[in-house]
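Please read the following report alongside the sequence and the model.

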Amino acid sequence: MNPIKKTIELPDGRVISIETGKLAKQADGAVEVRMGNTMLLATVVSAKEAGEGVDFMPLQVEYKEKFSAAGRFPGGFLKREGRASDYEILTARLVDRVLRPLFPDNYHADTFVNITLYSADGVDAPDCLAGLAASAAIAVSDIPFNGPISEVRVARIDGKFVIDPTFEQLQKADMELMVGATYDNIMMVEGEMDEASEADLLAALRAAHDAIKAQCKVQMELAEAVGKVKRDYCHEVNDEELRKDVHDKCYDRAYAIAKAGSADKHWRQDSFDAICDEYIESLPEEERDEKAPLVKRYYHDVEKEAVRRCILDEGVRLDGRKTTEIRPIWCEVDYLPGPHGSAVFTRGETQSLSTVTLGTKLDEKILDDVLNKGTERFLLHYNFPPFSTGEAKAQRGVGRREIGHGNLAHRALKRMFPDNFPYVCRVVSDILESNGSSSMATVCAGTLALLDAGVKMKKPVSGIAMGLITDTESPKYAILSDILGDEDHLGDMDFKVTGTRDGITATQMDIKCDGLSYEILEKALMQARDGRLHILDIIEKTIPAPREDYKPHVPRIVTMLIPKELIGAVIGPGGKVIQGIQEESGATVSIDEIEEGGYIEVAAANKDSIDKALAMINAIVELPEEGKVYDGTVRSIMDFGAFVEFMPHRDGLLHISEIAWERLEDMEASGLKEGDKVQVKLIEIDKKTGKYRLSMRALLPKPEGYVEPQRAPRGERPRRDGDRPRGDRGPRREGDRNRAPRGDRGPRKED
């Protein structure tokens, strides 16, 4: 064993260590990355040969967190880790998006990157170390890779940029970005912010890239120390003569279709496909099956070149728009009668039908990840059925793409969600058509649906996807507003920006080219701002402000605060009291302990149910007052009196002497029975024991000439006729056992 270790010092003095040679030595590459008590193990394994017919990079990135890393048991009956959480999927996607473009274009072997969290202290966030760990594992392997890369989180806290902030620091941030890059180029950006300016975003990217450069340099040193030689491979067999022939015979026809400027996505695709199919048909029949895969690969390059040259040389996009032009938009609110809010947003051939549901505290999402525990009150879910792109296949649950796109839209809207909103809110975006950014359509449709539901958003939010086409042989480039799906696929950048009129709320960027300057990024951001404001104009014309009131079928919620010491009384033993309130009133009642006391939410579809529940709660939390008259119920009869429930779940003693002015020989003479309704007066609250003394006779007129009997002092039994004087007990009774004086008891009995 010959472990090699390198360290990276962050600006605040924290140290990241990278070590290889100790663990998982049968993997092609393995490293452990530590910061404080947080430790990740990253491994990479790549097949020696490519699968038959595979002409793409089959990369799989997995990120997993062990509950034992934080000294916890997994939930559920099995008590073991199960399917990946959304957080794990999102972290894996962040790493995948940086790694994937950097493998050689002709490398097609199955490659698996696994990153596992084995130790965590809840101080440092492990996701910002995942990209570094994955890249370092590839760096010490023999797998070809045009890296290294690294990822950092940059947050602005009190006006200063902090690299890889702790969880505690992150709570104070008004801007938070994950940035992935090589030593030379930024490759990926994703994050959220409080209406930041374009200049602020660029400054954050510069700070993050400076930190990434240092981490890439250390990986280069680590790879050099390991000394692993990259493997030889041959995953493509090319026919250069065929490649040239495909280009010569297909390029002009593909260019003509690109220049036609048709807005019909399916016509364009069918026309492009027909060129390739006709070329294959022109081949000798005995060569078609063998050469068809190569022809399709070469034709893809021809189509890509034709579309890009048409944009760069003539400024003509696939659907005929100018580079800054946004497709026609129509939108409508209150589209569905059932949901609490709904909207349709259509931009070109991309359409989102979004709904809003408002619920109570019982509808909160419970988070129970390894390092993230709590609840979430604003939810956004995104669905992408195959029919939205005309595909004939079944819809099989939620995939990584849906989780990633939904997360971006959620980040875009959540900072504009009203503070202290009484409802739990769920937005669902169903994509009905897709040709262009459906996540940005989700942001726009989500804003419309929230306003339709009467949610008082701080400000409306819109989003737009930008594209970039560059020329490798000249400084020429074109920035495209509101990109199509094909422009995303064939372009050099996919840049999504969401925000209000006053600033950016979220962004996501994937860059596929080298050497993208900050000047181009700044221009893209400013062009995105113009598009964002154009879409906001349309949103505000559709619904200028939130509904003044919620729709009639929205449950109404009333909140109240009670002292902490009364929370138990409202809940009751085993939850019986709160369950009884809900059953009797028909309202939904939830209670949560906060710093100020007990926070109670009462929700129901009608006011009568809410009023009834509130009355029952108020009766419980109301403090008893001496001298006040109450209507009570006899709960039990004892020899010395009765116990009466004079307030909900509060019993007091009605002594036999307090039932009537005349003396009662026993309780039978009182005529009281269990369940009787009686009116009583609270005459005393014992401050030491908290017990209550009640009286019925205090509410009755005192008989004429009534004299209150004198009471003996506490602890002294009143004397009766025939009692012996206390000091003269008389002779012992016959049969009494003679006792020796206390000091002379004689010898002990043998045990």
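## A pair of helices

Helices here are DSSP runs of H or I with at least four residues, strands are runs of E with at least two, and both are numbered from the N terminus.

From helix 8, the contact (heavy atoms within 4.5 Å) involves Arg401, His405, Leu408, Ala409, Ala412 and Leu413. Helix 9 contributes residues including Met440, Val443, Gly446 and Leu450.

## Basis of the model

The model is predicted, with local features requiring pLDDT of at least 70 and side-chain atom pairs counting only at pLDDT 80 or more, whereas totals for chains, interfaces and linings use all residues. Residues are numbered from 1 along each chain as its sequence is written, and side-chain values use heavy atoms, leaving out hydrogens and water.

Three strands form an open sheet in the order 22-24-23, with antiparallel pairing, where two strands pair if DSSP finds at least two bridges between them. Strand 22 (556-562) and strand 23 (588-594) are the edge strands, each pairing on one side only, and neighbouring strands are turned by 20° against each other on average, direction ignored.

Strand 24, residues 597-604, pairs with strand 22 over 7 bridges in the antiparallel sense, and within this pairing Ile562 has Gly598 of strand 24 as its bridge partner.

## Two buried residues

His340 lies in the loop between strand 11 (329-333) and strand 12 (341-347) and is buried, at a relative accessible area of 10%; buried means under 20%, exposed over 50% and partly exposed in between, with a 1.4 Å probe and protein chains only. A polar atom of the His340 side chain lies 2.9 Å from the backbone nitrogen of Leu358. Not counting residues up to four places away in sequence, His340 touches several residues, among them Val356, Asp452, Lys551 and Pro555.

Ser585 belongs to helix 13 (residues 576-585) and is also buried, with a relative accessible area of 7%. The Ser585 side chain reaches the backbone oxygen of Ile581 at 2.7 Å, and, apart from neighbours within four places in sequence, Ser585 is in contact with Ser609, Lys612 and Ala613.

Key
Axes are lines fitted to C-alpha atoms, for helices over the stretch in contact, and angles run from 0 to 180 degrees between N-to-C directions. A polar contact is a pair of N or O atoms within 3.5 Å; within protein, one must be able to donate a hydrogen and the other to accept it, and residues adjacent in sequence count only if both atoms are side-chain atoms.
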